[in-house]
Amino acid sequence: MIEVECPNCHAKLNVPQQYAGQTGKCKGCGAAVTVPAAAAPPGPPDWALADEPAPPPPPMPPAAQPAAYPPYPPAYQARPSSAGGMDALIPTKNPNALIAYYLGVFSLIPCLGLILAIPALILGLKGLKFANEHPETKGKAHAWVGIIMGGLFTLIWGGLLIMFLVSAIAHQ
Ligand SMILES: [Zn+2]
């Protein structure tokens with residue numbers, strides 16, 4: 001078999017040896033494809049037997065070249081990765097979980113953090129409840145980030161605020 005790449009749609013075609021040097025039609029798009037006259041050499045030359053002390057690196061085997069192109073036409077390949085991937089990553093149908101996630105992340109900011117951490121915790125719990133009732137919305141991970149970050153930073157910033165107030169009163 002000879003491996004030929006279609007110049008039009010870049011589909012890889014396996015052409016029987018007997019068609020070497022001839023022109024045929026691509027199975028995918030029907031474009032004219034010329035089959036090379038000779039098949040690729042079976043492997044790199046045997047450098048161990050040569051007398052030269054420093055042989056140059058063997059050239060890239062031609063079989064590796066078609067790998068640079070996607071095995072399927074790009075329009076076909078892009079469909080499943082964008083449709084399934086984005087929905088799983090961003091719970092657009094569960095806004096509470098999404099907002100809780102961002103509030104949770106931004107509750108890292110000192111001072112402002114306490115204002116953001118409390119709603120992050122509340123919206124995270126709402127988002128988790130919503131995700132449990134509507135499993136197709138996929139917001140659980142985002143809701144948990146909101147709950148954990150919100151709860152953690154409510155304690156940290158709240159605790160620091162109380163410590164600051166206590167020390168301010170004690171020093172009066
Ligand atoms: Zn083609």
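Reply: Start with burial. A residue is buried if 20 or more other C-beta atoms lie within 10 Å of its own, exposed if 12 or fewer, and partly exposed in between; the C-beta atoms are placed from the backbone. Helices (H or I, at least four residues) and strands (E, at least two) are DSSP runs, numbered from the N terminus. In helix H2, the buried residues are Asn96, Ala97, Leu98, Ala100, Tyr101, Leu103 and Gly104.

Me: What should I know about the model and its numbering?

Reply: The model is predicted: local features need pLDDT of at least 70, side-chain atom pairs count only at pLDDT 80 or more, and totals for chains, interfaces and linings use all residues. Residues are numbered from 1 along each chain as its sequence is written.

Me: How many helices and strands are in the protein chain?

Reply: The protein chain has 4 helices and 4 strands. Along the sequence the pattern is β-β-β-β-α-α-α-α. Of its 172 residues, 22% are buried.

Me: How do I check the span of a helix?

Reply: Take 1.5 Å times one less than the number of residues; that is the expected span. H2 covers residues 95–106, which is 12 residues. From first C-alpha to last it reaches 16 Å, close to the expected 16 Å. H4 has 31 residues and should span 45 Å; its end C-alpha atoms are 44 Å apart, so the two values agree.

Me: Which helices do the buried residues of H2 pack against?

Reply: Two residues are in contact if their C-beta atoms, placed from the backbone, lie within 7 Å. The buried residues of H2 pack against helix H3 (112–133) and helix H4 (140–170). Those of H4 pack against H2 and H3. Among the buried residues of H4 are His142, Ala143, Gly146, Phe153 and Trp157.

Me: How is the packing of two helices described?

Reply: By the angle between their axes and the distance between the axes. Axes are lines fitted to C-alpha atoms, for helices over the stretch in contact, and angles run from 0 to 180 degrees between N-to-C directions. The axes of H2 and H4 come within 7 Å and cross at roughly 35°. On the H2 side, the contact includes Ala97, Ala100 and Tyr101; on the H4 side, it includes Ala143, Gly146 and Met149. Its residues divide into 9 nonpolar, 4 polar and no charged. Here Ala, Val, Leu, Ile, Met, Phe, Trp, Tyr, Cys and Pro count as nonpolar, Asp, Glu, Lys and Arg as charged, and the others, Gly among them, as polar.

Me: Which residues have the most contacts inside the largest nonpolar core?

Reply: A nonpolar core is a set of buried Ala, Val, Leu, Ile, Met, Phe, Trp, Tyr and Cys residues joined through C-beta atoms within 7 Å. The largest has 19 residues, and Ala97, Ala100, Ala117, Ala120 and Ala143 have the most contacts inside it. H2, H3 and H4 each supply at least two of its residues. H3 gives the most, with 8 residues. Leaving out residues up to four places away in sequence, Ala97 touches Pro91, Phe130, Ala143 and Gly146, among others.

Me: Where is histidine 10?

Reply: His10 is in the loop between strand E1 (2–5) and strand E2 (12–15). Its phi is near 60°, a positive value in a residue other than glycine. His10 has 18 other C-beta atoms within 10 Å, so it is partly exposed.
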